[in-house]
Amino acid sequence: MMYRLYKSMCGIKERRITFQTKVIIIGLDGATWDIILPFIKDGKLPTFKRLLEESSWGILKSTLPPVTVPAWPSFATGKNPAKFGVYNFLIVDTKTGKVRIVRSTDIKPKKIWNYLGFFGKKSIILNHPVTYPPEKIDGIMVSGMLTPPGSDDYTHPPEILEELEKLGYIIEPDSEIVQRKWDSEEFVQELIKTIRKRTEATIYFMKNYPWDLFFVLFRATDVVQHKQFQNKRKLLEIYEEIDKSLATIIKSIPKNTIVILMSDHGFCEFKKQFNITTWLYNAGYVKIKRKEKSSGDAKTSILMKLGITQTSILRILRSLHLDWIRKYIPVAFKSKLPASSVEIDLKESLVYPGILFTGASQYLSINRDKVHDEIEYKKIRDELINKLSNFKDPETGERVVEAIYKKEEVYSGPYLDKAPDIIFLLKKGYGLSTYVDLSAPVIEENPSPFGTHHIDGIFLAYGPGIKKGQRIDAKIYDIAPTILHIFGLPIPNDMDGQVLMEIFEEDLEFAKRKPKYVDPSYYDKKSERERLKKAIKNLKLKGKI
């Protein structure tokens, strides 16, 4: 009798129930309520509609900049980018002027699945960006975006590859179709095929392997919005396919599963482009050099050497006042031409923008190798902030930048020195051009139906113990500590997020139990013990002990 009372007082019963809970996180890259809610109002997306009625949901603030990398690593770690040192898809070495693609080994801190693994919890991670090469986690990992094309080592354990191949699994949609045929029906069908294959793999692994945490990312929402944000018909086709996939997945999960639906960032229209390289060049901050080589085929290299590029053709059209023709030039033709024959000289430039991989990276980095001391650095940075803050669209007279920050105002951590020096957000409707086109006006109309990233992503929690109809505003850092709390596990106190207590029903254990925070060394010691156990096990297998 006394023992049962003791268990009740200590909450042992509730904790046992908590440990039986499963969590599935469904990532919709770039998804935005600005697209979803109007479609629901029009009688579309029945699964989204039902989820909204039976869940806690709202805005999920992304990282700054609101880009896939660093946003997804911030989700996985619960930390701001200065605590893992990655701010973009590329790492720049200004001493050599070279860049390289980010790898999983660049993200040093522990992720959600590592914390769960210490307690015997199994995770299945499908298509999370920056997970190549895959970690040897307690469970299954299939790496996602930035996996080198043609790789056959993107799974843990390795034997999972054979099962994926039988399923016809697709990591990323065909880049040739995405880049050269985005105005065709083939583009939409390629995305739909990718969604269906991802859904099929999700159901297969959910049913055939043990798991406590399941993560799956659908990238099609981001891809279609980048290329066709102003084409509502094509957007609807993709979101309707996602809606069907959600219904299939939710129907297949165990009853004790909490569903978290989220995006790494949102989207908005991209009607005017800010040619920031031109702006920086005109102000004397950027140096330009001829491209050393083309990343395309031999034909592309020849065209570039001859100076036949997209920017050279646009320059001719502008001189003849015929630049309006550009919107009628077929995508298939434009994509066969190299974008430009010149590029930013990262080694010699005083300042360079974050557009090397994507125009969504709205930041500026100061080349410290070109700055004599801290006084000069601060002077240059303040000068840039002042100029950028006051820069106006020549046509409308409105300021183009909505918000601007120094790095120490948004980041904190051991990798702050690697952070971009100035981070800014453009007003809705504006986006950064990735082209190096010095003949272009600093602000010009975007002739394509493109979209660009916005800081407001989506969040939705649904399932046992989750409030229905609860509106919530959250940050992408909040998801990791919230998941650890759901499983009843200690939360490292160096995470930047908070447990989203307001999503839990008040009379249930999730809400009654206070989050338990621990020093990061708690998990470091666990990690060391795990390494020691594995070392002993290996020695035993080899017959040495």
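What share of the 545 residues of the protein counts as buried? I looked this up first. The share is 55%, with buried meaning under 20% relative accessible area, exposed over 50% and partly exposed in between, for a 1.4 Å probe and protein chains only.

**Ground rules**

I am working from a predicted model, in which local features need pLDDT of at least 70, side-chain atom pairs count only at pLDDT 80 or more, and totals for chains, interfaces and linings use all residues. Residues are numbered from 1 along each chain as its sequence is written, and side-chain values use heavy atoms, with hydrogens and water left out.

**Overall fold**

I noted 20 helices and 23 strands for the protein. These are DSSP runs numbered from the N terminus: helices are H or I with at least four residues, strands are E with at least two. I then turned to contacts, meaning heavy atoms within 4.5 Å. Of the contacts with a separation of 6 or more, 74% are between residues 24 or more positions apart.

**The nine-stranded sheet**

I traced an open sheet of 9 strands with mixed pairing. Its order reads E7-E6-E5-E8-E1-E9-E20-E2-E21. Two strands pair if DSSP finds at least two bridges between them. Which strands stand at the edges? They are E7 (155–156) and E21 (470–475). Each has a single partner strand, so one side of each is left without a neighbour in the sheet.

I checked the E7 end. Strand E6 (residues 139–143) runs antiparallel to E7, and 2 bridges join them. Valine 142 has threonine 155 in E7 as its bridge partner.

**Helix H4**

I went through H4 (residues 46–53) for buried positions and found Thr47, Phe48, Leu51 and Leu52. They lie on the same side of H4, because they cover an arc of only 135° around the axis. That arc is taken from the directions from the helix axis to the C-beta atoms.

What do the buried residues of H4 pack against? I listed strands E1 (22–28), E2 (56–61), E9 (257–262) and E20 (456–462), plus helices H3 (33–41) and H11 (232–252).

Most residues other than glycine have a negative phi, and most peptide bonds are trans. I looked for exceptions.

- A cis peptide bond joins tyrosine 132 and proline 133, with omega about -5°. Proline 133 sits in the loop between strand E5 (123–128) and E6.
- A cis peptide bond also joins histidine 156 and proline 157, with omega about -5°. Proline 157 is in the loop between E7 and helix H7 (160–167).
- Valine 130 has a positive phi, near 55°. Its place is in the loop between E5 and E6. Valine 130 is buried, at 6% relative accessible area.
- Leucine 146 has a positive phi, near 85°. Its place is in the loop between E6 and E7. Leucine 146 counts as buried at 18% relative accessibility.

**Cavities**

I used a 1 Å grid over the protein atoms alone: a cavity is a set of points where a 1.4 Å probe fits but cannot get out, and lining residues have an atom within 4 Å of a point. Grid points are joined across faces, edges and corners, and a volume is the space filled by probe spheres set on the points. I counted 3 cavities of 30 Å³ or more.

The largest cavity has a volume of about 100 Å³. It is lined by 13 residues, with Gln362, Leu425, Leu426, His453 and His454 nearest its centre. Strands E16 (422–426) and E19 (451–454) each supply at least two residues of this lining. E19 gives the largest share, 3 residues. I sorted the lining into 7 nonpolar, 4 polar and 2 charged. Here Ala, Val, Leu, Ile, Met, Phe, Trp, Tyr, Cys and Pro count as nonpolar, Asp, Glu, Lys and Arg as charged, and the others, Gly among them, as polar.

The second largest cavity has a volume of about 60 Å³. Its lining includes Trp113, His128, Pro129, Val130 and Thr131.

**Arginine 368**

My last entry is arginine 368, in the loop between strand E14 (363–366) and helix H16 (374–389). Arginine 368 counts as partly exposed at 39% relative accessibility. Leaving aside neighbours within four places in sequence, arginine 368 is in contact with Glu374 and Tyr377. Its C-alpha atom is separated by 8.6 Å from that of threonine 94, 274 residues apart along the chain.

Note on methods:
1 Å grid on protein atoms, 1.4 Å probe; cavity = no way out; pocket = protein on both sides within 12 Å on 5 of 7 lines; lining within 4 Å.
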